[in-house]
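This briefing covers selected features of the structure shown below, grouped by topic.

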Amino acid sequence: MTRRRVLFVDDEPRVLRGLRRLLDPMRDEWEISFAESGAEALDKLSEAEFDAVVTDMRMPGMDGAELLHEVLRRHPHTVRIVLSGQSDQETRLRAAGPTHQFLTKPCDEETLRRTLTRACDLRDLLRRDSLRRLVGQLKTLPSLGTVQRDLRTELMSPDPSMRKVGDLISQDVAMTAKVLQLVNSSFFGAPKRVGSVSEAVLMLGLNVIRDLMLTESVFGAYMADGALELVEPIRDHSDFVGGLAYEIAAAEGADLQVRGDAQLAGQLHDAGALVLAANMPMEFRKAAAVARMRNIERWQGEVELFGADHGEVGAYLLGIWGIPDPIVEAVAFHHRPAQAPTHGFTPLTAVHVADALAHEVDGQDDSVLVTSVDEEYLERLGLLDRLDGWRLLALKRKAA
Amino acid sequence: MNRDLRDPGGAYLEACAGRLAVERPTVTELQRLLEPKRRGRRPDDHEPLRCLAIDAQGGPSREMAKLLDKTDQRWILDRAERLPTALEALSSGEFHIVLAHVRQPDGQVLNALQRMRQVAPETAVLVLTEFAPQAFAEQALGQGAQDVLQRSKLDASTLAHAIRYSIERQRIRGLYERELWSASILHMDYLSIVSNSADAILILNQGGSVEFLNPAAESMFGVRAAEAIGRPCPFGQVTSDSFEIEVPDREGRPRQAEVQSVETSWRGLDATLAVVRDITDRRALELQLGQAQKLESVGRLAAGIAHEINTPTQFITDNVKYLRGVFERFVPAVAAAESLLEAAEAGPLDQGALEELRTSVAAARLEDAREEVPEAFEDSLDGLKQVARIVGAMKVFAHPGSEEKTGVDLRQAIESTVAVARHEWRDVADVELDIEETLPTVPAMGGDLNQVILNLIVNASQAIEDRPNCTERGRIDIRAHRRGDWVEMCVSDNGVGIPDENRKHIFDPFFTTKEVGRGTGQGLSISRTIVVERHGGMLDVASKPGEGSTFTVRLPLTEEAALQGAA
């Protein structure tokens, strides 16, 4: 196995030496380098390929936020992590775009190891370097202007409602992903697992949401010409799948965390499709055409064309953003749940079924990402007899 | 304070009764006065004289007409038989003169005159009688008639003469009354200001006794004007232009008030005008504002201190974990060495034990440890020292918020504040201290003083940070020296400097050029309050845009110096 290459940046040499000693037991897995300033870090990055860069925030000259902006520009496929003692909100807002994950000092080796290992392992999902570069450079997902506008109006009103802000954000895949990234990382306060977008909004507080809204390009990303018509149906479909996945999890008596994860994963399951649709609409359409021609499922068409399907693209992005594992797993495998490493009823089960049923009740619409229920997978879980009940939920939801 | 304008402070008016002998006009009278058509006037050259005869019989009117015909004046004579008709005609304001024929000189006539005056104050009234006792004539003049003529003695020239003079006299009387009344209105307006003022206003004569006080003064000092006038001033001597006093409120709780005095005159004599303002609420607000600013600076310090502590915590923890790992690697090696030693002492060398020792020694990686371990200890001890230093400085800085002045070691105050604020400056500047060795302790409120030093350091750091296109490290110089009865502390930076147009505002509350989130604009204003008002010191700034600024704090070492500073 090749060793992972990680670059640590901190203006305090004693911190770097401490990290070197701390990570000494992992020297077989990781090759660690150090830089005492942003400039030195950029030099090292240009000399050799790194899997991840972990930087302090407050440094004289170029600070962590500036450094990561630069790394994003020059080495988009490198995972970008902040390890900071303390920084003010303004700096953190500035870093919220280019930073994949935010850790605070003091940080134990377990958290550090887990974060880095996961980020690096996820990279294996995307075998093609060009795709890795594309996804790595994303600060956010493409977002729809209308929701943004409504959100802005609500936030600027004299007495904004927490609930309404939560509802608006959950209608938008991009903003949902962003607030989850922020609460799951320690951007603003301690990292926290949440069960819903509203809870995330509550954790962050309206002030932070408002500041994020005003920080350029944190909440909405670039969209290529002709992408909008591809993006819009994904939005409606995601909303439906999120709601249905929650209901399925609830019907199975899953605990609140699983229900919440199912809903969030449902809302985010096509994040990868959004990325592909917004950035390469031509190829995205082509993948569908290839699938039709060869009579294979659409995700298989994507694998042929991109070397990965949209589930993997989404999972990679959400993974390096520090979104919790059950959600990332559900996103990654929502078209082929049987290949997932976990067993039993998981958010993946709910999302896979909800996604397939959504297509079923919608009829064969070409603009959405067609899939069908993997009955063998359900059979193995002993849940096949539940399918009709779930189908009923889907029909009811469609009617509502 | 919602007093009737017509009755500005009954107590005051009572007290001043007799002194203010101006008859107040009624509202209708005031309104009528202001109507332009109510100015009394002569008929101009192309205008006939407009006369209104009041005459029940008609004979006297005809007689008047005949006499008027003999004058060279053009005229028009209207006749009213009864008073109500006459009043209605007069209200139009068209008539120059009223010729009122009176058969019976009695009270009714006087009433009628009064009513005519109310309706048309500008119109002259001539009374014609069959006979006129002197007393009646005088009463009639008192009620506004311009002349009383006996009909039998009247000829054309007398009538013309009387008419002309009456009109002119009426016009002059109008002017005079207007003057008098406007003076009265003006007086009322001033009275209303003084009576409705929330500040207590007192006039004190040269002997220090009260000549006048307004209702606010009555309520502030709990006295009635009638009792207070002529008595000594309720708050004692006026000692300077501006000073503070304490006044108990109705429940006996002390309230703070500020007295501003100015020399004036009262009834032609030199006197002192004292304005006393209750500043208790303002003081409380100022105190709250000071607390808020303190919280703001503590908040930003906390963030900085967290960073200063979190960083060493990170590497100390890393090092300790590393050292634990080294120890865990070494234990088997030493244990193996021990058992080998035992075996060697017991008999021939045991190859198995030797092999075991070889393996565990290799695993211990002595070479690595020899390099890393001493440095790991050094770094950790350094880090602990850093944590201890910042915690110690915080303790000094936080200084139990005493409201009493105590002897403050300025060097310690500066050093600890520089240490706790390290986070503010360490990325942008170097701080140089130049503190006189034998600096005496300064009588001061330690917590407040630290806050001033902190504000100046934060300010200097931000000024350096704000230099456009400049990445060079800045420099902050803090000097403290004794200057006679004063101690002087200067905080200089080579930052952006303060533009001239901002310099005079920088000590104003809420004045800030910083973007939102970087400060509320309270720092310098609060610093000024602390230095000047709470310590009797001075806070000045010298600045050159583009080169930097120097803030100078001077604190008095003695009471005399403090007084001198205040003056």
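Apart from neighbours within four places in sequence, Asp278(B) is in contact with Met220(B), Arg255(B) and Ala257(B), where contact means that the C-beta atoms of two residues, placed from the backbone, lie within 7 Å. The model is a predicted one, in which local features need pLDDT of at least 70 and side-chain atom pairs count only at pLDDT 80 or more, while totals for chains, interfaces and linings use all residues. Residues are numbered from 1 along each chain as its sequence is written, and chains are lettered from A and ligands numbered from 1 in the order in which they are written.

**Asp278 of chain B**

- Asp278(B) belongs to strand S10 of chain B; helices (H or I, at least four residues) and strands (E, at least two) are DSSP runs, numbered from the N terminus.
- Asp278(B) has 18 other C-beta atoms within 10 Å and is therefore partly exposed. A residue is buried if 20 or more other C-beta atoms lie within 10 Å of its own, exposed if 12 or fewer, and partly exposed in between, with C-beta atoms placed from the backbone.
- Between Asp278(B) and Glu246(B) there are 9.3 Å in space, C-alpha to C-alpha, and the two are 32 residues apart in sequence.

**The five-strand sheet of chain B**

- Five strands form an open sheet in the order S7-S6-S10-S9-S8 (chain B), and their pairing is antiparallel. Two strands pair if DSSP finds at least two bridges between them.
- Strand S7 (210–213) and strand S8 (242–248) of chain B are at the edges and have a single partner strand each, so one side of each has no neighbour in the sheet.
- On average, neighbouring strands of this sheet are turned by 30° against each other, direction ignored. Axes are lines fitted to C-alpha atoms, for helices over the stretch in contact, and angles run from 0 to 180 degrees between N-to-C directions.
- Strand S9 (residues 254–266) and strand S10 (residues 269–278) of chain B run antiparallel and are joined by ten bridges. Opposite Gln260(B) stands Val275(B) in S10(B).
- S9(B) and S10(B) make a hairpin with two residues between them, and Arg267(B) in the turn has a positive phi of about 50°.
- S10(B) also pairs with strand S6 (residues 200–205) of chain B, over six bridges and in the antiparallel sense. Leu204(B) has Thr272(B) in S10(B) as its bridge partner.

**Chain B overall**

- Chain B contains 18 helices and 17 strands.
- Of the 567 residues in chain B, 31% are buried.
- Among contacts in chain B with a separation of 6 or more, 67% are between residues 24 or more positions apart.

**Strands and a helix of chain A**

- Strand S1 (residues 4–9) of chain A has five of its six residues buried, so the rest of the structure largely encloses this strand.
- S1(A) runs parallel to strand S2 (residues 30–35) of chain A, with six bridges joining them. Arg5(A) is opposite Glu31(A) in S2(A).
- S1(A) is also parallel to strand S3 (residues 52–55) of chain A, to which four bridges join it. Thr55(A) in S3(A) is the bridge partner of Val9(A).
- A right-handed β-α-β unit is made by S1(A), helix H1 (residues 13–22) of chain A and S2(A). A crossover is right-handed if, with the strands pointing away from the viewer, the path from the first strand over the helix to the second runs clockwise.
- In helix H8 (residues 162–170) of chain A, the buried residues are Val165(A), Gly166(A), Leu168(A), Ile169(A) and Ser170(A). These residues pack against helices of chain A, including helix H7 (145–156) and helix H13 (256–268).

**Helix packing**

- H1(A) packs on helix H10 (residues 280–346) of chain B at an angle of about 30°, and the axes are 8 Å apart.
- H1(A) and H10(B) are therefore roughly parallel; angles under 35 degrees count as roughly parallel, over 145 as roughly antiparallel, 65 to 115 as roughly perpendicular and the rest as oblique.
- H1(A) passes H10(B) in a left-handed crossing. A crossing is left-handed if the near helix is turned anticlockwise from the far one by less than a right angle, and right-handed if clockwise.
- Helix H12 (residues 366–398) and helix H13 (residues 410–420) of chain B have axes that come within 8 Å and cross at roughly 125°. H12(B) and H13(B) are therefore oblique to each other, and their crossing is left-handed.
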